[in-house]
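This report describes how the chains of one model are built and how they meet. Please keep the three-dimensional view open while reading.

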Amino acid sequence: MDFALSKKHLLLQDLYTKFATNEVKPRAAEVDEEESFPHDTVAKLGRYGFMGIPVAKAYGGAGADNLAYAMAVEALSKVCATTGVIVSAHTSLCVAPIMENGTAEQKEKYLRKLATGEWVGAFGLTEAGAGTDAAGQQTTAVPDGDNYILNGTKLFITNADAAHVYIIIAMTDKAKGTRGCSAFIVEKDFPGFSVGKKEKKMGIRGSATCELIMRDCIVPKENLLGKEGQGFKLAMQTLDGGRVGIAAQAVGIAQGAIDITVNYVKERMQFGKRISQFQNTQFELADMQTKADAARLLCHRAAFFEDKKKPFASHAAMAKLFASEAASDITRRCLQLHGGYGYSREYAIERMMRDAKITEIYEGTSEVQKMVIASHMKVN
Amino acid sequence: MKIIVCIKQVPNTNEVKLDQQTGTLIREGVPSIINPDDLAGIEAALAIKDSLGAHITVVSMGPPQADIALREALAMGCDAACLITDRAFAGADTWATSSTLAGAAQLLGYDLIITGRQAIDGDTAQVGPQMAEHLGIAHIPYAEDIKADGEKIIVTRQFEDRYQLLQAHYPVLVTALSELNQPRYMSVGGVVDAYDQKEVRLLTYADLETFVPVENIGLKGSPTRVKKSFTKSPKGKGELHQVSEDEAVEIIIQKLKGHLIL
Amino acid sequence: MSKDVLVFCEQRDGVLQKVSLELLGEGKKLANTLGQRLIALLLGHEVEALCPSLVSHGADEVILVDDAHLRDYLTEPYAMAMADVLNEGNFEIVLIGATAIGRDLAPRVAARVKTGLTADCTSLEIDPETQDLLMTRPAFGGNILATIICPQHRPQMASIRPGVMLAPEPVADATGTVRRFDVDFSGLKNAVVLLESVKATKKAKDITEAKILVSGGRGTGKEGFATLNRLADLLGGQVSASRASVDAGFADKDRQVGQTGKTVRPQLYMACGISGAIQHLAGMEESELIIAINKNPSAPIFDVADVGIVGDMHKILPKLITKLEQMA
């Protein structure tokens, strides 16, 4: 049992902090304000290995572990939750399933470009009628010679507008329900594939969240990921990993909010004192930091078991449940400590509060996490 | 081409604060960094490696904790690292430090040596030129631009009021200014390699004694001594003047002169 | 037995640098304390005309090395000449300006003649007991001062920043000799070749790196910022701004000092028309010297200012600029 990070992870943390402070933080307000996907930042993330952290060196990745990946998402999200989720959706939801389930050819063709950031990845599971009830898939994939023909529309897809590669879940056999789902690697240039309208969102406004539309979309058979009928299982496993990323994102938002609030309360004067001198301020921040640390420990534990190739679905669900609710709570309370300035868009805290909310919703709502945890507890 | 880059791990002096009550330095919690001019030196070497191909060894003299500074350089893309660490080197001033580093350079072999102009904790700007003197090679200081090819290097050398374009053939030593470039970050994969694939070689006096006589290292090799060090007296309460405009101008001019700004 | 105080007198393009005169003034004091002579060392080509000025500023003797090899500053010929002079003379103390030339030449020479060198000194004294030179210099980013000695080696070498010492008034009837010193450059291994020398002034820097900042606020106004620019030019500094003035469009965002801008700690921070909101003070209160001009005597900026002037910057600054222009 060791709670200290290794020297390697400490140096990674140093890199993440420098990169986030110099490259990501200065752009965060603009990315939010203009709802613009930070293409130039993503190019730099690629150059420095952030887009393929847990990918083997043989495929152009950094060859690091999932803990290193979670720490990166936290550090980025501390200053810009949009950038955090871009990396998280790309890595957990597109790179990881190819890494876990891809054939040698698929890995060679897709992993290298994804891991170096030349290509951005995304994941299409959610539909208008299949959110929390992910089994209600309407998108279909029908074999046709050397291809599958896909039809359907995916909703709320992170990175949609910026991605080159999508993992798409579709029904190959409706009669079999979840066992009739399959996963496909779809490129943006495949005939019949298009990106639909862009969502106007409350937070993480630069993450290019759009619909994906497939109208008689032609996908070569070699782009089936895993076996036919295993798509739902693949999607659920993918989301287990994704939840570690979202937990890390939530921890980052929470810690970022605490950090700027600590600075703020040391400067802000009221009643002739710095507001940090009031016990309410001290107790609030102590409570928040305790929560943030607990969330981080849960997140690191989930990454640890994932790295050890041990079951981690329930750990990931707990990490995401706790961290996301902590992020919402902490950002709200930090804004309160900012008073009127907190409500002003001059300060970053209101953006953090808006960004935090989504972590309780995507990649499984808090309620879904509770379902996962309860089922592992065999409470049913 | 073989390049040696010399670096120093320094406390980030921008983060050092004075205790207003006692007037002493608060050193606790001050992060250690690679000296900024040295970081520019690393980047300059990496840029040469990118364009011409080169083997870069990064060298530091310091305590065992300087390991992390060398790992950082490895994670940026340097090929090898040496930490010169031995009690025998303790108490070295710039004279002894530069003769020790020169010994390491002889051991390792080089075409080009890059050092930072000066370290932010000592600010002497002496180690680079003195290292070149001990090695008997030319040096070009204050580089704000470097263009290298296989045989020679052309350096834009900064002065207060001008710059010179200077050319030298290898072997040569160049001292880098932080204005020289924008150093790259470490990469994630680079950090992994820095710990999993590469190592920091430890050099003690035993490794260098062929090249440096014992009277040229450590306290014995140092002509200078620190007699005492002290902090400046803390700031008193400021003064407030309600005077005519001409008097105000006079007060400002006198203050600027007093602080040697004029 | 070593003797005499030597000052390296820097010239560029045949123009004596002001720091050389400052060092002659300081060198004279040290020489008088020790009962020794003050020697000026002048290196260059066709620079003999500068010698009388060195004498009138206190040199008892000028050692002149006048050679075509020394026309432009290059490390090796200069180091060769200076080391020759030092090896012949056995001096007690050698002073050199801490300029881009002095800070390059001095370490190379000190290594060659095997002696200690203390860089960027701000004060020099003779220890009354040992007669050693006490060389005090800032270290640790200016946070501490250290006094350095060089007890066993001679000469004791020190570089001194320009502007730290006062240049003496010239004495018209001062007497001193000029001694030509020949250096044999035949063994010169000049591995460094000068391709081009270009005069240029520095470009605008990041405000966090500026040594001098002249800062404006909401009360400064668009025209006020033009005044600040002129003042910054005269002081060799940069213009910075409060958040209010950035929001008003008087200055760019990258000039903003404060909690949502940058944190600065220059040698001089001149706050003109800035009231001093706590968010602004957070970004500049660590500055070494803070001069504030504000109409409101209870403006919070005066709480952190070393020198507060209650008044209208629009009236005071133009007068200050006129005065500085006259002085330049």
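The model is a predicted one.

**Where chains B and C meet**

The contact between these chains involves 63 residues of chain C and 66 residues of chain B. On the side of chain C that touches chain B, the largest share comes from strand E13 (residues 192-199) of chain C, which supplies eight residues. Sorted by class, that side of chain C holds 36 nonpolar, 15 polar and 12 charged residues.

**Chain C**

Chain C has 328 residues, of which 50% count as buried. Its C-alpha atoms fill a box of roughly 65 × 50 × 40 Å along the principal axes. Nine helices and 18 strands are found in this chain. Among its contacts between residues at least 6 apart in sequence, 62% join residues at least 24 apart.

Seven of the strands of chain C form an open sheet with parallel pairing, in the order E7-E11-E6-E1-E4-E5-E12. Which strands stand at the edges? They are strand E7 (117-121) and strand E12 (177-180) of chain C; each has a single partner strand, so one side of each is left without a neighbour in the sheet. From one strand to the next, the twist averages 25°.

Within this sheet, strand E1 (residues 5-9) of chain C pairs with strand E6 (residues 93-97) of chain C in the parallel sense, over four bridges. C:Val5 has C:Ile93 in E6(C) as its bridge partner. Two helices can be followed against these strands. Helix H3 (residues 75-89) of chain C lies across E1, strand E4 (38-44), strand E5 (61-66) and E6 of chain C, and runs at about 155° to E4(C). Helix H4 (residues 102-112) of chain C also packs on the sheet, where it touches E1, E6, E7 and strand E11 (156-160) of chain C. The direction of H4(C) makes about 170° with that of E11(C).

**Chain B**

Strand E1 (residues 2-7) of chain B is mostly covered, since five of its six residues are buried. This strand has parallel pairings with strand E6 (residues 55-61) of chain B, over six bridges, and with strand E8 (residues 112-116) of chain B, over four bridges. In the pairing with E6(B), the bridge partner of B:Lys2 is B:His55.

| Helix pair | Angle | Distance between axes |
|---|---|---|
| H2 (residues 67-76) and H5 (residues 188-196) of chain B | about 125° | 7 Å |
| H7 (residues 279-307) and H8 (residues 313-338) of chain A | about 155° | 9 Å |

How are the helices of each pair oriented? The angle in chain B means that H2(B) and H5(B) are oblique to each other, and the crossing of H2(B) past H5(B) is right-handed. In this contact, B:Arg71, B:Leu74, B:Ala75 and B:Met76 of H2(B) meet residues of H5(B) including B:Val191, B:Asp193 and B:Tyr195. The residues of the contact divide into six nonpolar, one polar and two charged.

In chain A, the angle of about 155° makes H7(A) roughly antiparallel to H8(A). Here H7(A) passes H8(A) in a left-handed crossing. Among the residues that meet are A:Met288, A:Leu298 and A:Phe305 in H7(A), and A:Phe322, A:Ile330 and A:Leu337 in H8(A). By class, this contact has 16 nonpolar, two polar and four charged residues.

**Where chains A and B meet**

The contact of chain A with chain B takes 16 residues from chain A and 13 residues from chain B. Helix H1 (residues 7-33) of chain A gives the most to the side of chain A that touches chain B, namely seven residues. That side of chain A comprises 10 nonpolar, two polar and four charged residues.

Terms used: Residues are numbered from 1 along each chain as its sequence is written. Chains are lettered from A and ligands numbered from 1 in the order in which they are written. This is a predicted model: local features need pLDDT of at least 70, side-chain atom pairs count only at pLDDT 80 or more; totals for chains, interfaces and linings use all residues. Two residues are in contact if their C-beta atoms, placed from the backbone, lie within 7 Å. Ala, Val, Leu, Ile, Met, Phe, Trp, Tyr, Cys and Pro count as nonpolar, Asp, Glu, Lys and Arg as charged, and the others, Gly among them, as polar. A residue is buried if 20 or more other C-beta atoms lie within 10 Å of its own, exposed if 12 or fewer, and partly exposed in between; C-beta atoms are placed from the backbone. Axes are lines fitted to C-alpha atoms, for helices over the stretch in contact, and angles run from 0 to 180 degrees between N-to-C directions. Angles under 35 degrees count as roughly parallel, over 145 as roughly antiparallel, 65 to 115 as roughly perpendicular and the rest as oblique. A crossing is left-handed if the near helix is turned anticlockwise from the far one by less than a right angle, and right-handed if clockwise. Two strands pair if DSSP finds at least two bridges between them.
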